[in-house]
Amino acid sequence: MTAQLSATRQQWLAARLDLLEEEKELTRRSDALAVKRQQLPRVGIDKEYRFDTESGNISLKELFGGR
């Protein structure tokens, strides 16, 4: 079990604001990584994937309505 620390309101607020800055930086880095992921080149699908559905066995293209 972790021991709980006691602090004044000012100490807590200072620590919370420091943590908030770290959280904001993490969000910025995550957003930048998402942009890089979206910029990856697309690769065509050469394999004919088939799926068993309630409507029967269909292709990947059919699964997404031809899109």
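Guide: Here is a walk through the salt bridges, with the overall chain as the setting. This is a predicted model, in which local features need pLDDT of at least 70 and side-chain atom pairs count only at pLDDT 80 or more, while totals for chains, interfaces and linings use all residues. Residues are numbered from 1 along each chain as its sequence is written, and side-chain values use heavy atoms, with hydrogens and water left out.

Start with the setting. The chain has two helices and two strands. Their order along the sequence is α-β-β-α. Helices (H or I, at least four residues) and strands (E, at least two) are DSSP runs, numbered from the N terminus.

Now the overall form. The C-alpha trace spans about 65 × 30 × 20 Å along its principal axes. The radius of gyration of the chain is 25 Å, whereas a compact globule of 67 residues would have one near 11 Å. That radius is taken over C-alpha atoms, and the globule rule is 2.2 Å times the number of residues to the power 0.38. Buried residues make up 3% of the 67 residues. Buried means under 20% relative accessible area, exposed over 50%, and partly exposed in between (1.4 Å probe, protein chains only).

Next, the charges. The chain has 12 positive and 11 negative charges, and their mean positions are 4 Å apart. Lys and Arg count as positive, Asp and Glu as negative; His and the chain ends are not counted. Each charge is placed at NZ of Lys, CZ of Arg, CG of Asp or CD of Glu.

That brings us to your part. The structure holds three salt bridges. A salt bridge is a side-chain nitrogen of Lys or Arg within 4 Å of a carboxyl oxygen of Asp or Glu.

Take Arg16 and Glu23. Their side chains meet in a salt bridge, 3.3 Å from N to O. Arg16 is partly exposed, at 30% relative accessible area. Glu23 is partly exposed too, at 34%.

Move on to Glu25 and Arg28. The closest N and O atoms of this salt bridge are 3.2 Å apart. Both residues lie in helix H1 (residues 9–38). They are three residues apart, about one turn of the helix. Glu25 is partly exposed at 37% relative accessibility. Arg28 is also partly exposed, at 45%.

Finish with Glu48 and Arg50. Their side chains form a salt bridge of 3.5 Å, N to O. Arg50 is partly exposed, with a relative accessible area of 43%. Glu48 is exposed, at 52%.
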